[in-house]
Amino acid sequence: MRLLFLILVSLLPSSAYSLDFSLPKMNGEPGEVFNSEDNRGVYVLEFFFNGCPYCHENEPNIEALSKEFSSDPVHVLDIGRDCRNSDYKAWISRHPTSRPVLKDCQQDLISRFQVSPYPTTIVIDCSGNVVSRKTGAMSSGEYHDLVSLIRSASDSCVRERPLSN
């Protein structure tokens, strides 16, 4: 399974994506703005919706990724497609987190990354290239492969684009 995962990752198109976007926070607060020049590093985008059982199943993996890379130049973001604040409140009460949980009910990023089905986990390197795309809940082996891939991408970012002090 690991070999298949790594082969699929290597077959991903290498087109670069813009990481510049603004989405409101789940509680309706003003938008969270991400600019690829200001927020250098690797991005892990976890697309979900509250009614998705596989999204709930995958959330502990995403929380573990967030903790694993808390001191690295890795940005782990939850991006929901739900429009009602009550859906986000239900999500947060079930999955407390300190990382950003953003609303994409207009489906701007969802369209940009052609997300379907859910959950979808996308890893983008510091050059804006999608280096991993996983749909569905992760197995233990897939999680460990993803950690290795993110670590490698993060190390490359530090070498290629050193962070400003």
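Me: Why are the side chains of Arg 99 and Glu 63 said to meet in a salt bridge?

Reply: A salt bridge is a side-chain nitrogen of Lys or Arg within 4 Å of a carboxyl oxygen of Asp or Glu. For Arg 99 and Glu 63 the N to O distance is 2.3 Å, so the pair qualifies. This is a predicted model, where local features need pLDDT of at least 70 and side-chain atom pairs count only at pLDDT 80 or more, while totals for chains, interfaces and linings use all residues. Side-chain values use heavy atoms, without hydrogens and water, and residues are numbered from 1 along each chain as its sequence is written.

Me: What makes Arg 99 and Glu 63 a pair that ties parts together?

Reply: Arg 99 lies in the loop between helix 3 (85–94) and strand 5 (101–103), and Glu 63 in helix 2, so the pair ties together parts 36 residues apart in sequence. Helices (H or I, at least four residues) and strands (E, at least two) are DSSP runs, numbered from the N terminus.

Me: How do you know whether Glu 63 is buried or exposed?

Reply: Buried means under 20% relative accessible area, exposed over 50%, and partly exposed in between (1.4 Å probe, protein chains only). Glu 63 has 17%, so Glu 63 is buried. Arg 99, at 7%, is buried, whereas Lys 67, at 58%, is exposed.

Me: Why do Lys 67 and Glu 63 count as a salt bridge?

Reply: Their N to O distance is 3.9 Å, which falls within the cut-off, so the name applies. Lys 67 and Glu 63 are 4 residues apart in helix 2 (residues 53–68), about one helical turn.
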